[in-house]
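Colleague: Please take me through this model step by step, and give each term its cut-offs when it comes up.

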Amino acid sequence: MPENIHLVCSHCAAVNRLPIARQHESPSCGQCKNPVFCGRPQELGENDFDRWISRNDVPMLVDFWAPWCGPCRSMAPAFTQAASELEPVLRLAKVDTERAPGLAARFGIRSIPTLIMFSSGREIARQSGALDLNALKRWGMANLPKN
């Protein structure tokens, strides 16, 4: 098991390396000094998606959504709450498929909302359809990579 992990800062996107034992101690960014974890989903787009997915050693759960989608809007508060409850074990992010159509095409998003779990830059699980808070947390924890 590695001694250190890499985490992308929620504020400045700097990649931080810290001892794995400190992951649960609310680490601060070495560059901007803000907390690395923000307790809410990170908004990702075409320009920063790959950095977040490939440079975080903590699995990422990404919600592919659109502003016109009723189920997406109804799931949004639960997704935000899940982010605050699941960090630092799991990081949550959102991709607006209207603003990032290239990402939607790249990942074959055919219905929204679609949740994709990434670990080490690779997709490891996928779920289409809105989930409530408890189902989101259960699905996220059940799909964490087995080390």
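Modeller: Buried means under 20% relative accessible area, exposed means over 50%, and partly exposed is in between (1.4 Å probe, protein chains only). This is a predicted model, in which local features need pLDDT of at least 70 and side-chain atom pairs count only at pLDDT 80 or more, while totals for chains, interfaces and linings use all residues. Residues are numbered from 1 along each chain as its sequence is written, and side-chain values use heavy atoms, with hydrogens and water left out.

Colleague: Is Glu 87 buried or exposed?

Modeller: Glu 87 lies in the loop between H2 and strand S5 (91-96); helices (H or I, at least four residues) and strands (E, at least two) are DSSP runs, numbered from the N terminus. Contact means heavy atoms within 4.5 Å. Leaving out residues up to four places away in sequence, Glu 87 touches Phe 37, Cys 38, Gly 39 and Arg 40. Its relative accessibility is 12%, so Glu 87 counts as buried.

Colleague: How far apart in space are Pro 41 and Lys 94, C-alpha to C-alpha?

Modeller: Pro 41 sits in the loop between strand S2 (15-19) and strand S3 (42-44), and at 12% relative accessibility Pro 41 counts as buried. Pro 41 and Lys 94 are 53 residues apart in sequence, and in space their C-alpha to C-alpha distance is 6.3 Å.

Colleague: What is the relative accessible area of Pro 27?

Modeller: Pro 27 lies in the loop between S2 and S3. Residues up to four places away in sequence aside, Pro 27 touches Leu 7, Leu 18, Arg 22, Asn 34, Pro 35, Val 36 and Phe 37. Pro 27 is buried, with a relative accessible area of 2%.

Colleague: How far apart in space are Leu 103 and Phe 64, C-alpha to C-alpha?

Modeller: Leu 103 belongs to helix H3 (residues 101-106) and is buried, at a relative accessible area of 2%. Beyond four places in sequence, Leu 103 touches Gly 45, Glu 46, Phe 49, Phe 64 and Val 95. Leu 103 and Phe 64 are 39 residues apart in sequence, and the C-alpha to C-alpha distance in space is 9.0 Å.

Colleague: Are H2 and H4 parallel, perpendicular or oblique to each other?

Modeller: Axes are lines fitted to C-alpha atoms, for helices over the stretch in contact, and angles run from 0 to 180 degrees between N-to-C directions. Angles under 35 degrees count as roughly parallel, over 145 as roughly antiparallel, 65 to 115 as roughly perpendicular and the rest as oblique. The axes of helix H2 (residues 70-86) and helix H4 (residues 133-142) come within 9 Å and cross at roughly 50°. H2 and H4 are therefore oblique.
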